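Hi there,

Here is the structure I promised to send over. My notes follow below it.

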Amino acid sequence: MKRLLIAAALAALGASHAEAATVLVTGSNRGLGLEFARQYAEKGWTVIATARAPETAKDLKDLAAKYRNVTLEKLDVMDEPGINLLANKYKGKPIDLLINNAGVLGDTIGQTLGGFNYANFQDVMGVNVYGALAVSQAFRDNVIASQQKKIVAITSGAGVISTGSLGGNVYFYRASKVALNMVMKGLASDLRGKGVTVGLVAPGVADTAMRRELVGERAANDLKPADAVSAMIKVIDGLTQENSDKPLNFDGKPLPW
Ligand SMILES: NC(=O)c1ccc[n+]([C@@H]2O[C@H](COP(=O)([O-])OP(=O)(O)OC[C@H]3O[C@@H](n4cnc5c(N)ncnc54)[C@H](OP(=O)(O)O)[C@@H]3O)[C@@H](O)[C@H]2O)c1
(Lines give C-alpha, C1' and ligand atoms only; values in the text may rest on other atoms or scores of the structure.)
Protein backbone atom coordinates (compact mmCIF):
# COMPACT_ATOMS: atom_id res chain seq x y z
CA MET A 1 0.00 0.00 0.00
CA LYS A 2 2.77 2.37 1.04
CA ARG A 3 4.65 1.57 -2.19
CA LEU A 4 1.50 2.29 -4.22
CA LEU A 5 1.05 5.66 -2.57
CA ILE A 6 4.66 6.59 -3.27
CA ALA A 7 4.25 5.54 -6.93
CA ALA A 8 1.09 7.66 -7.23
CA ALA A 9 2.85 10.65 -5.69
CA LEU A 10 5.80 10.27 -8.08
CA ALA A 11 3.43 9.95 -11.06
CA ALA A 12 1.62 13.13 -9.98
CA LEU A 13 4.94 14.92 -9.67
CA GLY A 14 5.93 13.72 -13.12
CA ALA A 15 2.62 14.90 -14.59
CA SER A 16 3.03 18.35 -13.13
CA HIS A 17 6.43 18.64 -14.82
CA ALA A 18 5.28 17.09 -18.09
CA GLU A 19 5.30 19.34 -21.13
CA ALA A 20 1.88 20.74 -22.05
CA ALA A 21 0.10 18.96 -24.85
CA THR A 22 -0.14 20.80 -28.17
CA VAL A 23 -3.16 21.27 -30.41
CA LEU A 24 -3.31 22.76 -33.90
CA VAL A 25 -6.73 24.05 -34.98
CA THR A 26 -7.68 25.09 -38.52
CA GLY A 27 -10.19 27.89 -39.06
CA SER A 28 -9.79 29.16 -35.51
CA ASN A 29 -10.76 32.79 -36.09
CA ARG A 30 -14.47 32.25 -35.42
CA GLY A 31 -17.23 29.81 -34.63
CA LEU A 32 -16.30 26.38 -33.33
CA GLY A 33 -12.62 26.80 -34.23
CA LEU A 34 -12.29 29.89 -32.05
CA GLU A 35 -13.95 28.00 -29.19
CA PHE A 36 -11.57 25.07 -29.58
CA ALA A 37 -8.64 27.48 -29.38
CA ARG A 38 -10.14 29.23 -26.34
CA GLN A 39 -11.01 26.08 -24.40
CA TYR A 40 -7.69 24.32 -25.03
CA ALA A 41 -5.89 27.55 -24.07
CA GLU A 42 -7.86 27.66 -20.80
CA LYS A 43 -6.83 24.07 -20.13
CA GLY A 44 -3.17 25.06 -20.45
CA TRP A 45 -2.48 23.37 -23.78
CA THR A 46 -0.06 24.90 -26.25
CA VAL A 47 -2.40 26.13 -28.98
CA ILE A 48 -1.36 26.71 -32.57
CA ALA A 49 -4.38 28.67 -33.70
CA THR A 50 -4.47 28.96 -37.46
CA ALA A 51 -6.63 31.16 -39.65
CA ARG A 52 -6.68 32.43 -43.21
CA ALA A 53 -6.15 36.02 -42.08
CA PRO A 54 -4.90 36.10 -38.48
CA GLU A 55 -3.94 39.77 -38.87
CA THR A 56 -7.62 40.77 -39.05
CA ALA A 57 -8.97 38.10 -36.67
CA LYS A 58 -9.86 40.35 -33.75
CA ASP A 59 -11.29 37.72 -31.41
CA LEU A 60 -8.35 35.43 -32.01
CA LYS A 61 -5.86 38.23 -31.48
CA ASP A 62 -7.61 39.07 -28.20
CA LEU A 63 -7.31 35.42 -27.19
CA ALA A 64 -3.60 35.35 -27.99
CA ALA A 65 -3.13 38.56 -26.00
CA LYS A 66 -4.80 36.91 -23.00
CA TYR A 67 -3.05 33.52 -23.17
CA ARG A 68 0.69 33.23 -23.72
CA ASN A 69 0.18 29.60 -24.74
CA VAL A 70 -1.66 30.64 -27.92
CA THR A 71 0.32 31.24 -31.11
CA LEU A 72 -1.41 32.58 -34.21
CA GLU A 73 -0.42 31.26 -37.60
CA LYS A 74 -1.64 31.97 -41.11
CA LEU A 75 -3.11 28.91 -42.78
CA ASP A 76 -5.47 28.63 -45.71
CA VAL A 77 -6.25 24.94 -46.09
CA MET A 78 -6.51 25.44 -49.88
CA ASP A 79 -3.01 26.88 -50.14
CA GLU A 80 -0.68 23.91 -50.46
CA PRO A 81 2.59 25.89 -50.53
CA GLY A 82 1.34 27.73 -47.42
CA ILE A 83 0.50 24.44 -45.67
CA ASN A 84 3.95 23.08 -46.45
CA LEU A 85 5.63 26.28 -45.30
CA LEU A 86 3.88 26.07 -41.93
CA ALA A 87 4.61 22.34 -41.60
CA ASN A 88 8.25 23.10 -42.29
CA LYS A 89 8.27 25.77 -39.60
CA TYR A 90 6.99 23.21 -37.08
CA LYS A 91 9.14 20.31 -38.32
CA GLY A 92 10.10 18.13 -35.36
CA LYS A 93 7.55 19.71 -33.00
CA PRO A 94 5.16 17.11 -31.55
CA ILE A 95 1.48 17.98 -32.09
CA ASP A 96 -0.77 15.85 -29.88
CA LEU A 97 -4.01 16.81 -31.54
CA LEU A 98 -4.72 18.19 -34.99
CA ILE A 99 -8.27 19.50 -35.37
CA ASN A 100 -9.42 19.83 -38.97
CA ASN A 101 -12.20 22.27 -38.23
CA ALA A 102 -12.10 24.67 -41.21
CA GLY A 103 -15.12 24.29 -43.41
CA VAL A 104 -17.47 26.10 -45.75
CA LEU A 105 -21.16 25.69 -46.40
CA GLY A 106 -20.91 27.13 -49.92
CA ASP A 107 -23.46 29.15 -51.77
CA THR A 108 -26.80 27.49 -51.09
CA ILE A 109 -28.44 28.44 -54.44
CA GLY A 110 -25.45 26.98 -56.28
CA GLN A 111 -26.05 23.60 -54.71
CA THR A 112 -29.81 23.34 -55.13
CA LEU A 113 -31.39 21.45 -58.03
CA GLY A 114 -31.71 23.85 -60.94
CA GLY A 115 -28.79 25.99 -59.77
CA PHE A 116 -25.84 23.58 -59.60
CA ASN A 117 -22.57 25.41 -60.00
CA TYR A 118 -19.28 23.61 -60.52
CA ALA A 119 -17.08 26.33 -59.03
CA ASN A 120 -19.16 26.13 -55.87
CA PHE A 121 -18.80 22.34 -55.86
CA GLN A 122 -15.01 22.64 -56.16
CA ASP A 123 -14.86 25.18 -53.36
CA VAL A 124 -16.94 23.12 -50.91
CA MET A 125 -15.25 19.83 -51.68
CA GLY A 126 -11.85 21.49 -51.79
CA VAL A 127 -12.00 23.10 -48.35
CA ASN A 128 -14.03 20.46 -46.53
CA VAL A 129 -12.35 17.36 -47.92
CA TYR A 130 -9.05 18.08 -49.63
CA GLY A 131 -8.10 20.77 -47.12
CA ALA A 132 -8.47 18.42 -44.17
CA LEU A 133 -6.52 15.72 -45.97
CA ALA A 134 -3.73 18.04 -47.09
CA VAL A 135 -3.26 19.50 -43.60
CA SER A 136 -3.30 16.02 -42.04
CA GLN A 137 -0.73 14.81 -44.53
CA ALA A 138 1.56 17.77 -43.90
CA PHE A 139 1.44 17.48 -40.10
CA ARG A 140 1.28 13.70 -39.73
CA ASP A 141 4.86 13.35 -38.57
CA ASN A 142 4.23 15.95 -35.86
CA VAL A 143 1.26 13.91 -34.64
CA ILE A 144 3.18 10.63 -34.81
CA ALA A 145 5.95 12.22 -32.71
CA SER A 146 3.51 13.27 -29.97
CA GLN A 147 2.15 11.59 -26.85
CA GLN A 148 -1.56 11.61 -27.69
CA LYS A 149 -1.32 11.11 -31.47
CA LYS A 150 -4.79 12.25 -32.52
CA ILE A 151 -6.16 13.68 -35.75
CA VAL A 152 -9.78 14.82 -35.67
CA ALA A 153 -12.02 16.16 -38.41
CA ILE A 154 -15.28 17.96 -37.71
CA THR A 155 -17.96 16.11 -39.58
CA SER A 156 -21.71 16.67 -39.58
CA GLY A 157 -25.03 14.93 -39.21
CA ALA A 158 -25.64 16.43 -42.67
CA GLY A 159 -23.24 13.77 -43.97
CA VAL A 160 -25.28 10.85 -42.66
CA ILE A 161 -26.82 9.04 -45.63
CA SER A 162 -28.78 6.37 -43.82
CA THR A 163 -31.18 8.55 -41.83
CA GLY A 164 -32.87 9.71 -45.05
CA SER A 165 -34.26 12.76 -43.24
CA LEU A 166 -32.48 15.33 -45.41
CA GLY A 167 -34.27 17.57 -47.86
CA GLY A 168 -33.06 18.71 -51.26
CA ASN A 169 -30.67 21.47 -50.29
CA VAL A 170 -26.92 21.86 -49.75
CA TYR A 171 -26.07 18.83 -51.88
CA PHE A 172 -22.38 19.74 -52.01
CA TYR A 173 -21.95 20.43 -48.32
CA ARG A 174 -23.57 17.11 -47.47
CA ALA A 175 -21.54 15.26 -50.06
CA SER A 176 -18.39 16.91 -48.69
CA LYS A 177 -19.01 15.53 -45.20
CA VAL A 178 -19.67 12.04 -46.57
CA ALA A 179 -16.40 12.32 -48.50
CA LEU A 180 -14.60 13.70 -45.45
CA ASN A 181 -15.73 10.66 -43.47
CA MET A 182 -14.36 8.38 -46.16
CA VAL A 183 -10.96 10.04 -46.51
CA MET A 184 -10.51 10.13 -42.74
CA LYS A 185 -11.22 6.40 -42.63
CA GLY A 186 -8.43 6.00 -45.17
CA LEU A 187 -6.10 8.08 -43.03
CA ALA A 188 -7.06 6.07 -39.94
CA SER A 189 -6.16 2.90 -41.74
CA ASP A 190 -2.82 4.23 -43.02
CA LEU A 191 -1.75 5.70 -39.67
CA ARG A 192 -3.07 3.00 -37.38
CA GLY A 193 0.23 1.18 -37.27
CA LYS A 194 1.96 4.39 -36.16
CA GLY A 195 -0.31 4.56 -33.12
CA VAL A 196 -2.38 7.47 -34.46
CA THR A 197 -6.10 7.74 -33.69
CA VAL A 198 -8.10 9.45 -36.42
CA GLY A 199 -11.55 10.54 -35.27
CA LEU A 200 -14.62 12.12 -36.81
CA VAL A 201 -16.57 14.26 -34.37
CA ALA A 202 -19.84 16.12 -35.04
CA PRO A 203 -20.93 19.23 -33.11
CA GLY A 204 -24.67 18.74 -33.32
CA VAL A 205 -26.27 21.98 -34.42
CA ALA A 206 -24.42 25.00 -33.11
CA ASP A 207 -25.17 28.68 -33.52
CA THR A 208 -22.31 29.89 -35.72
CA ALA A 209 -22.01 32.04 -38.84
CA MET A 210 -22.28 28.89 -40.95
CA ARG A 211 -25.48 27.82 -39.25
CA ARG A 212 -26.96 31.30 -39.69
CA GLU A 213 -26.06 31.28 -43.40
CA LEU A 214 -28.41 28.34 -43.64
CA VAL A 215 -31.27 29.29 -41.34
CA GLY A 216 -30.99 33.00 -40.61
CA GLU A 217 -31.47 33.60 -36.89
CA ARG A 218 -30.55 31.25 -34.06
CA ALA A 219 -33.03 28.40 -33.79
CA ALA A 220 -34.34 27.59 -30.31
CA ASN A 221 -32.50 24.28 -29.96
CA ASP A 222 -29.16 25.39 -31.41
CA LEU A 223 -26.26 24.80 -29.07
CA LYS A 224 -24.03 27.65 -28.02
CA PRO A 225 -20.62 27.16 -29.68
CA ALA A 226 -18.98 26.96 -26.23
CA ASP A 227 -21.28 24.09 -25.20
CA ALA A 228 -20.86 22.21 -28.48
CA VAL A 229 -17.09 22.50 -28.19
CA SER A 230 -16.82 21.52 -24.52
CA ALA A 231 -18.90 18.43 -25.33
CA MET A 232 -16.69 17.62 -28.34
CA ILE A 233 -13.54 18.04 -26.25
CA LYS A 234 -14.84 15.37 -23.86
CA VAL A 235 -15.40 13.08 -26.83
CA ILE A 236 -11.91 13.84 -28.20
CA ASP A 237 -10.37 13.19 -24.75
CA GLY A 238 -11.91 9.73 -24.82
CA LEU A 239 -11.03 8.88 -28.44
CA THR A 240 -9.17 5.64 -29.02
CA GLN A 241 -8.39 3.63 -32.12
CA GLU A 242 -11.13 1.24 -31.02
CA ASN A 243 -14.00 3.66 -30.44
CA SER A 244 -13.19 5.90 -33.43
CA ASP A 245 -14.28 3.37 -36.03
CA LYS A 246 -17.51 5.39 -36.53
CA PRO A 247 -18.14 9.15 -36.44
CA LEU A 248 -19.09 10.29 -32.94
CA ASN A 249 -21.65 12.91 -32.10
CA PHE A 250 -20.91 15.64 -29.52
CA ASP A 251 -22.75 13.53 -26.93
CA GLY A 252 -20.36 10.63 -27.52
CA LYS A 253 -22.92 8.50 -29.34
CA PRO A 254 -21.88 6.98 -32.67
CA LEU A 255 -23.39 8.60 -35.75
CA PRO A 256 -24.57 6.19 -38.43
CA TRP A 257 -22.90 6.44 -41.84
N1 LIG B 1 -22.26 24.97 -36.71
C2 LIG B 1 -22.78 23.78 -36.87
O3 LIG B 1 -23.93 23.52 -36.46
C4 LIG B 1 -22.00 22.68 -37.53
C5 LIG B 1 -22.61 21.44 -37.65
C6 LIG B 1 -21.91 20.39 -38.22
C7 LIG B 1 -20.60 20.58 -38.63
N8 LIG B 1 -20.02 21.81 -38.53
C9 LIG B 1 -18.64 21.96 -38.99
O10 LIG B 1 -17.88 22.62 -38.01
C11 LIG B 1 -16.77 23.28 -38.62
C12 LIG B 1 -16.73 24.72 -38.14
O13 LIG B 1 -17.88 25.39 -38.62
P14 LIG B 1 -18.57 26.63 -37.88
O15 LIG B 1 -19.96 26.24 -37.63
O16 LIG B 1 -17.70 27.11 -36.80
O17 LIG B 1 -18.61 27.66 -39.10
P18 LIG B 1 -18.00 29.12 -39.33
O19 LIG B 1 -18.29 30.01 -38.19
O20 LIG B 1 -18.48 29.49 -40.69
O21 LIG B 1 -16.42 28.85 -39.35
C22 LIG B 1 -15.79 28.24 -40.43
C23 LIG B 1 -14.31 28.43 -40.25
O24 LIG B 1 -13.63 27.80 -41.36
C25 LIG B 1 -12.70 28.73 -41.87
N26 LIG B 1 -12.34 28.49 -43.25
C27 LIG B 1 -13.13 28.48 -44.35
N28 LIG B 1 -12.39 28.26 -45.45
C29 LIG B 1 -11.11 28.12 -45.05
C30 LIG B 1 -9.88 27.89 -45.70
N31 LIG B 1 -9.81 27.75 -47.03
N32 LIG B 1 -8.76 27.79 -44.95
C33 LIG B 1 -8.80 27.93 -43.61
N34 LIG B 1 -9.93 28.19 -42.92
C35 LIG B 1 -11.06 28.27 -43.64
C36 LIG B 1 -13.37 30.08 -41.70
O37 LIG B 1 -12.42 31.10 -41.86
P38 LIG B 1 -12.80 32.52 -42.57
O39 LIG B 1 -13.41 33.38 -41.51
O40 LIG B 1 -11.47 33.02 -43.06
O41 LIG B 1 -13.76 32.22 -43.67
C42 LIG B 1 -13.90 29.92 -40.29
O43 LIG B 1 -12.88 30.13 -39.36
C44 LIG B 1 -16.99 23.14 -40.13
O45 LIG B 1 -16.20 22.07 -40.62
C46 LIG B 1 -18.45 22.80 -40.24
O47 LIG B 1 -18.76 22.09 -41.42
C48 LIG B 1 -20.70 22.87 -37.98
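Which residues are buried in α8? They are Pro-225, Ala-228, Val-229, Met-232, Ile-233, Val-235 and Ile-236. Here a residue is buried if 20 or more other C-beta atoms lie within 10 Å of its own, exposed if 12 or fewer, and partly exposed in between, with C-beta atoms placed from the backbone. Seen down the axis of α8, the buried residues fall within an arc of 160 degrees, so they line one face of the helix (the arc is that of the directions from the helix axis to the C-beta atoms). On the other side of α8, Lys-234 and Asp-237 are exposed.

Before you read on: this is a predicted model, where local features need pLDDT of at least 70, side-chain atom pairs count only at pLDDT 80 or more, and totals for chains, interfaces and linings use all residues. Residues are numbered from 1 along each chain as its sequence is written.

The buried residues of α8 pack against α2, β4 (97–100), β5 (150–154), β6 (197–202) and β7 (248–249), a contact being two C-beta atoms, placed from the backbone, within 7 Å. The protein chain has eight helices and seven strands; helices (H or I, at least four residues) and strands (E, at least two) are DSSP runs, numbered from the N terminus. Buried residues make up 41% of its 257 residues.

Best wishes
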